[in-house]
Amino acid sequence: MNARILQSDYMHWAKNQRPVRYHLASSEVPHFALERLELTLADLDLTGASAYRYPPLRQAIAAKEGVPPEWVVAADGTSMANMLAMAALVAPGDEVLVEQPTYEPMLAVLGFLGARITRFERRAPAFELDPEEVARAVTPATKLIVITNLHNPSGAYADEKMLRSIAELGPRILVDEVYRDAAFEEAPRSAVRLSDRFVATNSLTKVYGLSGIRCGWILAEPALAERMWRLNELFGVAQVHAGERLGCIALAHLDEVGAGTAERLARNRALANAFFARRSDVECAPMVHGITAFPRLLPGDPETLDELLRARFDTSIVPGRWFEMPDHFRIGVGGPPEIVEEGLARLGKALDECA
Ligand SMILES: Cc1ncc(COP(=O)(O)O)c(C=O)c1O
């Protein structure tokens, strides 16, 4: 069994970096401004928390995701959604098969739960989800498979065919879908719509710029969803009611909240792809979907590159060691185009200096 883990080192690192102007380390779109929701105080009523499992929010999430309300569990962001989902599905010593590379807090939660973690590889540079690779790593003891779709760090998209093949392998699959809505061209459905072997987690954080309201959820077949609601009572009696209200309002105005994001991401991906094409010192599959890319630095050390960027160029990236691939680094292109463009220009200058 892995040592019990009581923290996410990546989260701690990410939260404690000095802010920079050209924040290519970010994996979100810009924060949505509260005043754009045209709220009144009555919209944020504090009473109503006793309305157990606040039905309006459950229904709003169900409507967005195209599932019955009984499939929906509310959670504080995708982070708590992942914790609840894994804690409901995994007992100490259980074998859990996780993609590599992956988002570090997934591994930390599994470590905390005492899972026995095994891995399957998503291969650079495209990091595609290969069902055969997953099949080779599944054993009769595998209790759960864990993936992200879109993939963090690379932004790779797993289509329904790939997902269906994995559903046939037997174990349940947790799919973190927090970047899913950034695949505008595909507009993918939640994996839970394909098979009840899937459990999906999501929130309004990454693609809608609403990380502050912590509106997250789990989608799972009703018996499992019920277990997760009950489990959540160990962590808190109820959700923050004003937060539930804000979640409902945001979901009712999701088109407005997301207005312009598809165009901005398409433009920023094109900027990033042009940048990768110009550079011979960086290897990266072209960005097609999503907010992040995970290039390999051919000569040099991404840690040193990040230190130089932060110290001299007011710019940041995420060194690949946080994704167990120290010769790679992650960039995010969710920001305003002028910030992304200048951030890439500065990344280019820092790369030139490192050469
Ligand atoms: C794959 C993945 N899941 C979950 C989260 C956290 O989401 P939330 O802010 O909704 O808790 C992140 C944030 O980086 C992420 O990349």
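## Two domains

Domain bounds here come from an automatic or database domain assignment. The model is predicted. The protein is divided into domain 1, residues 9-30 and 259-354, and domain 2, residues 41-256. Taken over C-alpha atoms, the centres of domain 1 and domain 2 are 25 Å apart.

## Where the domains touch

The two domains meet through 27 residues of domain 1 and 26 residues of domain 2. On the domain 1 side, α1 (9-15), α10 and β10 (292-293) each give two or more residues. Helix α10 gives the most, with three residues. What classes of residue make up this side of domain 1? There are 17 nonpolar, five polar and five charged residues.

## Helices α10 and α12

Helix α10 (residues 261-278) also packs against helix α12 (residues 337-354). The angle is about 15°, and the axes lie 10 Å apart. Angles under 35 degrees count as roughly parallel, so α10 is roughly parallel to α12. Their crossing is right-handed.

From α10, the contact uses Arg264, Arg267, Asn268, Leu271, Ala272 and Phe275. From α12, Pro337, Val340, Glu341, Leu344 and Gly348 take part. By class, this contact has six nonpolar, two polar and three charged residues.

## Around the ligand

How many residues surround the ligand? The shell has 13 residues. The closest are Gly77, Thr78, Ser79, Ser203 and Thr205. Helix α3 (residues 77-89) supplies the largest share, three residues. By class, the shell has ten polar residues, two nonpolar and one charged.

Terms used
Residues numbered from 1 in each chain as written. Predicted model: local features only at pLDDT ≥ 70, side-chain atom pairs only at ≥ 80, totals over all residues. Axes fitted to C-alpha atoms, helices over the stretch in contact; angles between N-to-C directions. Helix = DSSP H or I, 4+ residues; strand = E, 2+ residues; numbered from the N terminus. Parallel < 35°, antiparallel > 145°, perpendicular 65-115°, else oblique. Left-handed = near helix turned anticlockwise from the far one by under 90°. Contact = placed C-beta atoms within 7 Å. Nonpolar A, V, L, I, M, F, W, Y, C, P; charged D, E, K, R; others polar. Near = placed C-beta within 6 Å.
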